[in-house]
Amino acid sequence: MSFELRSERSHRLMAETSIDDQSLLGLIARGDERAFRVVYDRYNGPIHRFAWHMSGDRAMAEEITQEVFMLLIRKPRKYDPSKGSLGGYLFGIARNLTRRRVDQLRVYVPFVDDANASDENYSLGDRAIDDSANALEKLTQRELIEALRTSVLSLPAQYREVIILCDLEQMNQSGAAELLQCSPGTIASRMHRARAMLKMKMARKGLVNNESI
Amino acid sequence: MNQSEERLAQAFQALSAESPQSAPAEVGLALQDAFRRYHVRRRRQRRLITAGVLGACLVVAAVLLSKSRSSGLQEKQPTLATRQEQSLPNPETRSLGAVPNNTQVKSTIASLRKVHRKARPSANVVSNFTSLASYDPAFSKDGFKIVRVGLSSAELSQMGAPSNVYPAGRRVLTDVVLDRDGIPIAVRTVGR
């Protein structure tokens with residue numbers, strides 16, 4: 001499985017250390033704090049983002065990230081390399097935890113297009129928006145992002161996770177298939193449906209062209 | 001790619017860029033702290049377990065050693081037993097050096113290896129006592145002491161007891177009656 005780590009720091013760390021995950025886990029089991037730090041830096045970003053996009057709740061995403069790595073601290077030998085990559089293993093834990101939490105707490109996305117109401121949990125900064133863009137463009141961009149976020153969160157979990165992994169985390173389909181334990185064909189069909197659903201939702205909000213769907 | 005897909009891709013890019021690059025620093029610090037604490041606790045537990053196992057091993061070794069020692073002693077010891085059927089003589093009079101003509105007594109006493117307080121019941125055949133030359137019915141009346149010892153036929157003959165029935169070099173279990181002065185006055189064999 002391969003997924004891109006967008007964090008520059010993670011890239012640097014991966015380049016710096018040639019130690020593979022299995023060796024790192026051995027070191028972690030022996031109490032090597034630096035090895036744990038390397039693994040944490042490698043995977044905390046994608047896992048945190050995944051939990052965040054899946055739940056739409058910042059605090060929950062932090063808790064899930066913490067729980068995933070706590071499990072790694074307590075039971076590093078539980079990971080079986082023959083079953084897949086460490087990233088996939090950690091994602092699997094995060095996925096299960098997120099689903100359970102969301103089911104338990106019934107933290108569902110508000111279906112209304114109230115961007116302000118959800119800003120507390122999912123505040124969008126202005127970082128991605130070009131400073132040179134005018135206020136109107138900024139507003140449109142912000143509206144688009146917010147609409148997409150709420151639309152993604154309103155998708156059924158099986159479609160949501162495919163969109164998050166493939167479109168937001170830029171994981172390839174075979175990687176997502178390995179992680180979600182289904183065939184790449186299933187992933188492809190889920191992604192197709194999920195995108196269609198998203199376009200519909202976005203069109204309803206008037207953010208994409210209705211005719212082109 | 002049609003317009004709606006383009007717009008969607010653009011939105012995905014923007015949302016992806018807006019997403020946090022990593023979990024907050026506090027999460028990392030808390031996890032690092034948890035990692036440290038967990039391994040300190042684990043090391044302490046391991047040390048305790050190791051010490052416990054080591055202690056248990058030592059105790060087992062000590063018990064085994066003491067057992068093997070005691071069994072070794074029992075094997076080495078011949079079946080010597082002392083039966084105190086009558087009152088013990090005065091310690092002063094037990095002094096062998098003071099006894100005249102004590103060569104026989106000395107050799108008898110020297111052959112005593114171990115004295116058992118309780119006489120073990122024996123399945124051996126017990127013969128009658130044979131009085132020795134040193135026995136004087138006029139003087140010896142009480143204060144007798146019977147000592148069970150293993151004696152060779154040579155020692156028996158030295159004491160004046162009949163020993164020709166036993167092969168030379170073999171120790172014979174013998175009850176020796178000592179008078180108050182520690183002089184053997186009678187013997188009986190407890191042979192089979």
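## How two chains pack

Helices here are DSSP runs of H or I, at least four residues, numbered from the N terminus, while strands are E runs of at least two. Bear in mind that this is a predicted model, where local features need pLDDT of at least 70, side-chain atom pairs need 80 or more, and totals for chains, interfaces and linings use all residues. Residues count from 1 along each chain as its sequence is written, chains are lettered from A and ligands numbered from 1 in the order written, and side-chain values use heavy atoms, leaving out hydrogens and water.

Back to that pair: H3(A) spans residues 33-55, H8(A) spans residues 157-168, and their axes cross at roughly 140 degrees and come within 10 Å. That angle is why H3(A) counts as oblique to H8(A). Axes are lines fitted to C-alpha atoms, for helices over the stretch in contact, with angles from 0 to 180 degrees between N-to-C directions. Under 35 degrees is roughly parallel, over 145 roughly antiparallel, 65 to 115 roughly perpendicular, and the rest oblique.

On the H3(A) side, A:Phe50, A:His53 and A:Met54 do the touching, and their partners in H8(A) include A:Arg160, A:Ile164 and A:Leu168 (contact being heavy atoms within 4.5 Å). The residues in this contact split into 6 nonpolar, 1 polar and 2 charged. Nonpolar covers Ala, Val, Leu, Ile, Met, Phe, Trp, Tyr, Cys and Pro; charged covers Asp, Glu, Lys and Arg; the others, Gly among them, are polar.

Also in chain A, H4(A) (residues 58-74) packs on H5(A) (residues 86-105) at about 135 degrees, axes 10 Å apart, which makes this pair oblique too. Their crossing is right-handed. Among the residues involved are A:Ile64, A:Phe69 and A:Leu72 of H4(A), along with A:Tyr89, A:Ile93 and A:Leu97 of H5(A). The tally for this contact is 14 nonpolar, 1 polar and 3 charged.

Between the chains, H7(A) (residues 135-154) meets H1(B) (residues 3-18) at about 90 degrees, axes 9 Å apart, so the two are roughly perpendicular. A:Leu144, A:Ile145 and A:Leu148 are among the H7(A) residues in contact, and B:Leu8, B:Phe12 and B:Leu15 among those of H1(B). Sorted by type, the contact has 9 nonpolar, 3 polar and 3 charged residues.

| Helix pair | Angle | Axis distance |
|---|---|---|
| H3(A) and H8(A) | roughly 140 degrees | within 10 Å |
| H4(A) and H5(A) | about 135 degrees | 10 Å |
| H7(A) and H1(B) | about 90 degrees | 9 Å |

Now the whole interface: 51 residues of chain A and 32 of chain B take part. About 3,700 Å² is buried between the chains, with 62% of that from carbon and sulfur atoms. Buried area is the accessible area (1.4 Å probe) two parts lose on being put together, summed over both.

The structure holds 14 salt bridges over all chains (a Lys or Arg side-chain nitrogen within 4 Å of an Asp or Glu carboxyl oxygen). The count between chain A and chain B is 1. A:Glu33 and B:Arg36 meet in a salt bridge, 2.7 Å from N to O. A:Glu33 sits in H3(A) and B:Arg36 in H2(B) (residues 25-76), so this pair joins two chains.

How values were computed. Left-handed = near helix turned anticlockwise from the far one by under 90°.
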